[in-house]
Amino acid sequence: QVQLVESGGGLVQAGGSLRLSCVASGRTFSSYAMGWFRQAPGKERECVAAISRSGRNTYYLDSVKGRFTISRDNAKNLVYLQMNSLKPEDTAVYYCAAQESFFTYNYYSKSKDFGSWGQGTQVTVSS
């Protein structure tokens, strides 16, 4: 399995931006499809963005389309989540997830599809 560590969370006012980073170690990063999930208190964990091994294909939750961008740098073992125009409803703990994949262009968007998880980073958006 790959080890994942997130960073970049914090407190921001509505309309502001944050960039989350997730660094992976332990295995060949380019072999993994990646995802960003979030979980707010009392709510189920949901996938906000996902990206294929190559970075060619991406997925976004409808409520973040046009505001969030997922990207990866396979040379640096990093995956990013750029979050713009943040809203109070974006407040949650954000988790990075990884799943080794045979397919270069596929992504995953369900929790059960991912085998490795980071510890999470808190994002709080004030109104």
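Welcome! Cys47 is a buried residue, because its relative accessibility is 5% and buried means under 20% relative accessible area, with exposed over 50% and partly exposed in between (1.4 Å probe, protein chains only). This is a predicted model, in which local features need pLDDT of at least 70 and side-chain atom pairs count only at pLDDT 80 or more, while totals for chains, interfaces and linings use all residues. Residues are numbered from 1 along each chain as its sequence is written, and side-chain values use heavy atoms, with hydrogens and water left out.

**Cysteines**

- The structure holds one disulfide, a term that stands here for a pair of cysteine sulfur atoms within 2.5 Å.
- Its two partners are Cys22 and Cys96, with an S to S distance of 2.2 Å.
- This pair links distant parts of the chain: Cys22 sits in strand β3 (residues 18-25) and Cys96 in strand β9 (residues 92-100), 74 residues apart.
- Strands (E, at least two residues) and helices (H or I, at least four) are DSSP runs, numbered from the N terminus.
- The disulfide is left-handed, because the torsion about the S-S bond of Cys22 and Cys96 is about -80°.
- Cys22 counts as buried, with 0% relative accessibility, and Cys96 counts as buried at 0% too.

**The open sheet**

- Four strands form an open sheet in the order β1-β3-β8-β7, with antiparallel pairing; two strands pair if DSSP finds at least two bridges between them.
- At the edges are β1 and β7 (68-73), each of which pairs on one side only.
- From one strand to the next, the twist averages 15°, where axes are lines fitted to C-alpha atoms (for helices over the stretch in contact) and angles run from 0 to 180 degrees between N-to-C directions.
- Five bridges connect strand β1 (residues 3-7) with β3 in the antiparallel sense.
- Across that pairing, Glu6 stands opposite Cys22, and Leu4 has Ala24 as its bridge partner.
- β7 and β8 run antiparallel and are joined by six bridges, with Arg72 and Val79 as bridge partners.

**Nonpolar cores**

- In soluble globular proteins, nonpolar side chains tend to be buried together.
- A nonpolar core is a set of buried Ala, Val, Leu, Ile, Met, Phe, Trp, Tyr and Cys residues joined through side-chain atoms within 4.5 Å.
- Which residues touch the most other members of the largest nonpolar core? Among its 30 residues, they are Met34, Trp36, Val79, Leu81, Met83 and Tyr94.
- The elements that give two or more residues to this core are β3, β4 (32-39), β5 (46-51), β7, β8, β9 and β11 (121-126).
- Another core, of six residues, lies apart from it, and its members include Phe37, Tyr95, Ala97 and Phe114.
- Met83 is in contact with Gly16, Ser17, Leu18, Leu20, Arg67, Phe68, Tyr94 and Val123, leaving aside neighbours within four places in sequence; contact means heavy atoms within 4.5 Å.

**The loop between β9 and β10**

- Ser101 lies in the loop between β9 and β10 (116-117), and Ser101 counts as buried at 7% relative accessibility.
- The side chain of Ser101 reaches the backbone nitrogen of Phe103 at 3.1 Å.
- Not counting residues up to four places away in sequence, Ser101 touches Ser31, Ala33, Arg53 and Tyr108.
- Thr104 lies in the loop between β9 and β10. Is Thr104 buried or partly exposed? Thr104 is partly exposed, because its relative accessible area is 32%.
- Beyond residues up to four places away in sequence, Thr104 touches Ser52, Arg53 and Ser54.
- Thr104 and Ala33 are 71 residues apart along the chain, and their C-alpha atoms are separated by 8.3 Å.

Notes:
A polar contact is a pair of N or O atoms within 3.5 Å; within protein, one must be able to donate a hydrogen and the other to accept it, and residues adjacent in sequence count only if both atoms are side-chain atoms.
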